[in-house]
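This report goes through one protein chain, from its overall make-up to single residue pairs. Please keep the sequence and the model at hand while reading.

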Amino acid sequence: MTVPMPEPAVAPEETVVTVRIPAAVERLATLRALAVATAVAAGFGARESGEVRDALYRIAEALLTRTVPGSAVDGTLTARTGTVLVRLRAVTRAGPIPRYTVGAATPSLAHSAAAFRAPFDGAAGGHPTVVDLGWTRPE
């Protein structure tokens, strides 16, 4: 059973990028580049954009190493003034979901992270998994 995830409406002050990449570690460069572009669209400076890029890279790498072979990772990156939101969706194998903490990687930004893994879906061959991340520049 696939868990439907509603897509948020896009407000005029938002930039939303959606991406689907093969679940392969060598494709992480795409997410890194999109993370920087999204952070810049949110008004983040070079250092803050780099923090978002590096944190997203580590979290996406942990997710990709747990995906079902031959699957894909879907991502939505949203930029609002001073805020970057990321949602990654994948089908993962059994086993623990690593702790998705980004605190050490984003010292100048407030951050949030949450992960949810649904029960095994026989048709998908694994567990539908969603990771939500957010970074906000302190005012």
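## Terms and basis

Buried means under 20% relative accessible area, exposed means over 50%, and partly exposed covers what lies in between (1.4 Å probe, protein chains only). By that scale D54 is partly exposed, with a relative accessible area of 28%.

This is a predicted model, in which local features need pLDDT of at least 70 and side-chain atom pairs count only at pLDDT 80 or more, while totals for chains, interfaces and linings use all residues. Residues are numbered from 1 along each chain as its sequence is written, and side-chain values use heavy atoms, with hydrogens and water left out.

## Confidence

The predictor's confidence in each residue is given as pLDDT, from 0 to 100. The chain has a mean pLDDT of 86, and 84% of its residues reach 70 or more. Confidence is lowest in strand 4 (residues 110–117), with a mean of 87, and highest in strand 2, at 95. Where pLDDT is low, the predicted coordinates should not be read in detail.

## Overall make-up

Helices (H or I, at least four residues) and strands (E, at least two) are DSSP runs, numbered from the N terminus. The chain has two helices and five strands, and along the sequence these follow the pattern β-α-α-β-β-β-β.

Of the 139 residues, 42% count as buried. The accessible surface of the chain (Shrake-Rupley method, 1.4 Å probe; for residues, only the protein chains shown count as cover) comes to about 7,200 Å², and 58% of that belongs to carbon and sulfur atoms. A contact means heavy atoms within 4.5 Å. Among contacts in the chain with a separation of 6 or more, 69% are between residues 24 or more positions apart.

## Helix 2 and its cover

Helix 2 spans residues 46–64, which makes 19 residues. From its first C-alpha to its last it reaches 26 Å, close to the 27 Å expected at 1.5 Å a residue; the expected span is 1.5 Å times one less than the number of residues.

Which residues of helix 2 are buried? They are E48, S49, G50, E51, V52, A55, L56, I59, A60, A62, L63 and L64. An α-helix has 3.6 residues a turn, so residues three or four places apart point the same way. The cover over the buried residues of helix 2 includes strand 1 (15–22), helix 1 (28–41), strand 2 (72–80), strand 3 (83–92) and strand 5 (127–136).

A62, in helix 2, counts as buried because its relative accessible area is 19%. Its C-alpha atom is separated by 9.4 Å from that of V25, 37 residues apart along the chain. L28, in helix 1, is buried at 1% relative accessible area. Not counting residues up to four places away in sequence, L28 touches Y57, A60, E61 and L64. The C-alpha atoms of L28 and E61 are separated by 7.2 Å, although the two residues are 33 residues apart along the chain.

## The nonpolar core

A nonpolar core is a set of buried Ala, Val, Leu, Ile, Met, Phe, Trp, Tyr and Cys residues joined through side-chain atoms within 4.5 Å. The largest one has 26 residues, and F44, L56, V84, V86, L88 and W135 touch the most other members. Strand 1, helix 1, helix 2, strand 2, strand 3 and strand 5 are the elements that give two or more residues to this core. Helix 2 supplies the largest share, seven residues.

What does L56 contact, leaving aside its neighbours within four places in sequence? L56 is in contact with L31, A35, L77, V86, L88, L133 and W135.

## Salt bridges

A salt bridge is a side-chain nitrogen of Lys or Arg within 4 Å of a carboxyl oxygen of Asp or Glu. Side chains of opposite charge can pair when their charged atoms come close. The structure holds six salt bridges. In one of them, E48 pairs with R137, the closest N and O atoms being 3.4 Å apart. This pair links distant parts of the chain, with E48 in helix 2 and R137 in the segment after strand 5, 89 residues apart. E48 is buried at 14% relative accessibility, whereas R137 is partly exposed at 27%.

D132 forms a salt bridge with R87, the closest N and O atoms being 2.7 Å apart. This pair also links distant parts of the chain: D132 is in strand 5 and R87 in strand 3, 45 residues apart. D132 is partly exposed at 28% relative accessibility, and R87 is partly exposed at 21%. D54 forms a salt bridge with R53, with the closest N and O atoms 2.9 Å apart; R53 is partly exposed, with a relative accessible area of 25%.
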